[in-house]
Amino acid sequence: MTGRTTTTTTASTARGWAGILLRRGLQIVALALIVGTLCFAMARSLPGDMATRIAAGRYGYDLVSNAAASAVRGELGLDRPVWQALLSWWGDIARLDLGTSFVSGDPVWNEIAHQLGATVDLSVAALLIAMALGLPLGIWSGLHPGGRVDRTAAALAVLLRATPPFLLAVLLMLAVAVHLGMLPVAGDAHAGSLLLPALTLGLGLAAGLARVAGAAMRQAAASPSLVFARAKGLTDRQALWRHGLLQAALPVVAYLGVQSVFLVEGAVVVETLFAWPGIGHALVHAVFGRDVPMVQGAALCMGLLFVMFNLLVDAACVAIDPRRRTDASA
Amino acid sequence: MTAPSRTAALPALSADGLQRPARTRRRAGLAILGLLAVFAALGPALVGADPARQALDQSLLPPGSAHWLGTDLFGRSTLARLAHAAQLSLGLALVASASAAVPGVLLGVAASWRGGGAERGLVLLADAVLAVPGLLLVLLFAALAPGQHWALYMGLSLSLWVEYFRVSRAASRPVLAGDAVQASRLLGFGPVYVLRRHVLPALSPVLSTLLPFSAAQAVLALAALGFIGVGIQPPTAELGLMMTEALPHYEEAPWLMAAPVGLLMLLVLGMALVAGTGERA
């Protein structure tokens, strides 16, 4: 009897996982198709002769001759019909061949591998800041609804949540770096230079997190399961740690999944602003330089980061919530 | 995306305790957005000055009677530039979100009407678009044709329609399954009638929140791209570009910075008030 229940549970867990993985896998394919096609169109629509431009990017405008341009044309296969070129473009992506940068001539993978680390550093730092600020505030205001902390947090959250990252970045730059002269405004020379971009992203996240955690905590505190935990003799603290927090964790984790867009979009803007050498910075830089392989590589990588983060959130939701293990269709 | 969790998370005590302030807040938000829209629509005509006319002897003038908001480095009137920038941003954003709303809503209703394979296909399509974060999509389109408005417009529309699709698919499902629609169809009314009399009235409150919200999101995306230099190109007056241009002169001419930042803050405030608790994704 118990054996059969276990097997059906395992089977439905596996099915739930298969559904999640399938959905995210399809998203990765879609991501590659969308980004690949756009970048292909980008490469085709560059003004002027593409081969000449690339040759100029490599050797400088003074050294470009027709011979150099046609060498580049032959090397990059720029003289095929459109559909053939698009198919082979997709094929390259499918084979994980992102090509070489038009500008530096290095393989795109090499450059991205460097920058990915910086972006992950920034995202993790932002997440840590958001959790360190948002969660305690949210839990406190959820346990004391209508209190002074709750109301202050609510007002702050509306203000911060509504301020777009680039605006917050400017205000922070002006306030902290220029006026107080405390932290470096841009670059990655010191550990201190991570603080400002991470704070920019983290504050925005923390505001939303505090609100969601507060609401979740309030609901968890009012739920029958907590009353029951108290009734069976647990202290307030024990009931909170063992039952309340776990119950409140689910909406918070789900909210993080929604906010991963914010993290990725914010990274593009904030990295560019603070000259943080991550993928977003590389992407914007490549757009300026019309370096299509780099644009494609960076965009794919950011999209992948986004999908992977969502996958992690899915997994965390399944781990926290036993209900999802039995009917995980989402 | 957060809609279900948020409605569940709202405390029960807010049922009548917060109703009135919430409505006043929403009205205040709509009033702010409306004022901004009027400024954007009529501003350029009322100000009259050419936003691109340079007067190098009037560089970085403080606000005064001739130039209400001062002038920038090239002696261009900040007020005129602000009005044109607002018109450009809000206009582009409104057109983009309106043209995202129509296919988004129609596809959403169609998905929950047809169900089955068609619905799965459409959901798959929406999922596919969701795989690319919105700003990234707009950025890629902007890179496709630098400085072209149509590229930004395309990117915005393509990333915005998904939200309309999801919302209207979820909101139209109970209506389509309800007795009223069943009765209408038994009486022989066609899909257009059902759509007009039953579905659209049920969707209109959600859409009236979503439309200003997504337009404001689009303005912010445009400003963010302009600010990092990959959106609309100079010398066009654009909010983000104005901030970039003003940043080096922050010390000597803070009003230059204050004008676009203030306008965006107002927009964001109006949006937060309209959106309610401010926890929309």
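In the predicted model, one salt bridge is found by the rule across the interface of chain A and chain B. This salt bridge joins R23(A) to D127(B), with 2.7 Å between the closest N and O atoms. Residue pairs in polar contact between chain A and chain B number two, with both at pLDDT 80 or more. On the side of chain A that touches chain B, two or more residues each are given by α1, α6 (148–162), α7 (165–179), α8 (192–221), α10 (236–274), α11 (279–289) and α12 (292–320) of chain A. Of these elements, α1(A) provides the largest share of that side, with 12 residues.

In total, the contact between the two chains involves 50 residues of chain A and 45 residues of chain B. About 4000 Å² is buried between chain A and chain B, and 79% of this area comes from carbon and sulfur atoms.

Helix α1 of chain A also contributes to a nonpolar surface patch: α1 (2–45) and α4 (82–94) of chain A supply at least two residues each. The patch covers about 510 Å² and consists of V29(A), L33(A), W83(A), L87(A) and W90(A). Its largest share, three residues, is supplied by α4(A). Within the patch, L33(A) is located in helix α1 of chain A. L33(A) is classed as partly exposed because its relative accessibility is 39%, a value between the limits of 20% for buried and 50% for exposed residues.

Methods: Residues numbered from 1 in each chain as written. Chains lettered and ligands numbered in written order. Predicted model: local features only at pLDDT ≥ 70, side-chain atom pairs only at ≥ 80, totals over all residues. Heavy atoms only, no water. Patch = residues over 30% accessible without salt bridge, like charges linked within 9 Å, V, L, I, M, F, W, Y side chains within 5 Å. Areas by Shrake-Rupley, 256 points an atom, 1.4 Å probe, with all protein chains shown as cover. Salt bridge = Lys/Arg side-chain N within 4 Å of Asp/Glu carboxyl O. Helix = DSSP H or I, 4+ residues; strand = E, 2+ residues; numbered from the N terminus. Buried < 20%, exposed > 50% of the residue type's maximum accessible area, 1.4 Å probe, protein only. Contact = heavy atoms within 4.5 Å. Buried area = accessible area lost by both parts, 1.4 Å probe. Polar contact = N/O pair within 3.5 Å; in protein donor to acceptor, adjacent residues only side chain to side chain.
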